[in-house]
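Visitor: I'd like to learn how to read a structure like this one, feature by feature. Can you walk me through it?

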Amino acid sequence: MEKTRLFFIDNLRILLITLVMMIHLSITYGGEGGWYYRDGQADTLSSILLTWHNAVIQAFSMGLFFMIAGYFTPGSYDRKGPRQFLKDRLLRLGIPMLCYDFIIGPLMAYPLIKVGAEESGGSYLDFLIRYYSTFHIGTGPLWFVEALLIFAICYALWRAFVKAPSGAVQDETGLPGNLKIAVFILALAGVTFIVRIWLPVGWIFRPLNLQFPFFPQYICMFIIGIVAYRRNWLTRIPDAMGRLWLCTAVVMIVIVAPVLLILGGAIKGNIAPFLGGLHWQCFGYTLWEQLTGVALIIGLPALFRKRLNRQGRPARAMAGSVYTAYIIHAPVVVLLTIAIRNISLYPLLKFAFAVLTAVPLCFALANVIRKLPLARRIL
């Protein structure tokens, strides 16, 4: 990546981490989802719009993150070899995860106790004893880092048994056509629906903090990223294909999503059938999610490659700080929202204010942290 920097992918990563912050702030101010802190009770309109916002972002953001990660995995393995590749991943992924689990996590959780967001009582020492007496790994947003580490280890094991082409070998065969993509979407939606019959959205494998109801997409996107690397797919998506899938995503977001929510009863607060079980709402939502997600995963790289394949100094600084911003954004968002909790604003306006404050603050702090001596090699 450093020999021929793909600026449009850097810019996509900036967008994705911004959307991750936005979805967590959206939950804070009334959207559906799980997060550390909620600021009061939102009105019906705010709750509907923020939940709609969350569903759209959830449909594609982490899947695209995993695809980008998969895209750069084979090249890293080719350059470093198996031992250095695993050592690098353990250093770059494992250390931040452990620091978050054992230092940042408890430092962030205690203020939540003081504002009544969780169980109260006892000193900070009592809280730490309770915290460290339970198993913690991949807590909070660091589940993504944990999953990347697991995927990297699996890839290294696969490469140990399967001989991959030389790093210099590139397969310029054509991209999958729209029909094959549509079949893939249906298959992915079907597998995801089957998983959610027993494991509804919101179910978490607690020991590792992994939300398996979303993992069919994540696993597929990571594998597709690996395949795409040898075939240069991200740089070869035709403009016409990108436009088609972007238009499809717009239709799904603007027209299909509201119709699905109204017919399924979500507007009246009945969202449980959408989350899992043998319900038409669950299948409809799953199909909508995968169709919208894959459409954006195809369309956005094509759009960014054509329109946003350049960077100025601010974008370069932000691109270099994306990983660090992801690691630190949870405490920044939580502490910021606690700090402004007594400001009286309509939930949507407060959400907008928090986004405009939290996003630049996270990137600014990340840029400073990355320059610290002990952080340079890891972050």
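Guide: Happy to. Let's start with a helix contact: N178, I181 and I185 in α5 meet M241, L244 and W245 in α7. Keep in mind that this is a predicted model.

Visitor: What sort of residues make up the contact of α5 with α7: nonpolar, polar or charged?

Guide: They split into 5 nonpolar, 1 polar and no charged.

Visitor: How do I describe the way two helices pack?

Guide: The general idea is that you give the angle between the two axes and the distance between them. Here, α5 covers residues 178-198 and α7 covers residues 239-264; they pack at an angle of about 35 degrees, and their axes are 12 Å apart.

Visitor: Is the crossing of α5 and α7 left-handed or right-handed?

Guide: α5 passes α7 in a right-handed crossing.

Visitor: Let's turn to burial. Which residues of helix α3 are buried?

Guide: In α3, residues 124-132, the buried ones are F127, L128 and Y131. Buried here means under 20% relative accessible area, and exposed means over 50%. Looking down the axis of α3, you'd find the buried residues within an arc of 100 degrees, so they line one face of the helix.

Visitor: And which residues are exposed on the other side of α3?

Guide: There you have L125 and I129, both exposed.

Visitor: Next, aromatic rings. How many aromatic pairs does the structure hold?

Guide: It holds 28 of them. To describe a pair of rings, you use the distance of the centres and the angle of the planes. Take Y77 and Y155: their centres are 5.7 Å apart with 90 degrees between the planes, and the pair is edge-to-face.

Visitor: Which helices do Y77 and Y155 lie in?

Guide: Y77 sits in α2, residues 44-114, and Y155 in α4, residues 143-161, so the pair ties together parts that are 78 residues apart in sequence.

Visitor: Are those two tyrosines, Y77 and Y155, buried or exposed?

Guide: Y77 counts as buried because its relative accessibility is 7%. Y155 is buried as well, at 4%.

Visitor: Now single residues. What does V195 contact, leaving aside neighbours within four places in sequence?

Guide: V195 is in contact with F212, P213 and P216. V195 lies in helix α5 and is partly exposed, with a relative accessible area of 23%.

Visitor: What about I194?

Guide: I194 also lies in helix α5, and 46% relative accessibility makes that residue partly exposed. Compare sequence with space here: I194 and G277 are 83 residues apart in sequence but 8.7 Å apart C-alpha to C-alpha.

Visitor: What about backbone angles? Which value does phi of N209 take?

Guide: It is near 55 degrees, a positive value in a residue other than glycine. N209 belongs to the loop between α5 and α6 and is buried, at 17% relative accessible area.

Visitor: And N232?

Guide: N232 has a positive phi of about 55 degrees too, although it is not a glycine. Look for N232 in the loop between α6 and α7.

Visitor: One last stop: is P373 buried or exposed?

Guide: P373 is exposed, with a relative accessible area of 67%. You'll find P373 in the segment after α12. P373 and R305 are 34 Å apart in space, C-alpha to C-alpha, and 68 residues apart in sequence.

Note on methods:
Residues are numbered from 1 along each chain as its sequence is written. This is a predicted model: local features need pLDDT of at least 70, side-chain atom pairs count only at pLDDT 80 or more; totals for chains, interfaces and linings use all residues. Side-chain values use heavy atoms; hydrogens and water are left out. Axes are lines fitted to C-alpha atoms, for helices over the stretch in contact, and angles run from 0 to 180 degrees between N-to-C directions. Helices (H or I, at least four residues) and strands (E, at least two) are DSSP runs, numbered from the N terminus. A crossing is left-handed if the near helix is turned anticlockwise from the far one by less than a right angle, and right-handed if clockwise. Contact means heavy atoms within 4.5 Å. Ala, Val, Leu, Ile, Met, Phe, Trp, Tyr, Cys and Pro count as nonpolar, Asp, Glu, Lys and Arg as charged, and the others, Gly among them, as polar. Buried means under 20% relative accessible area, exposed over 50%, partly exposed in between (1.4 Å probe, protein chains only). The arc is that of the directions from the helix axis to the C-beta atoms. Rings of Phe, Tyr and Trp (its six-membered ring) pair if their centres lie within 6.5 Å; planes under 30 degrees apart count as stacked, over 60 as edge-to-face and the rest as tilted.
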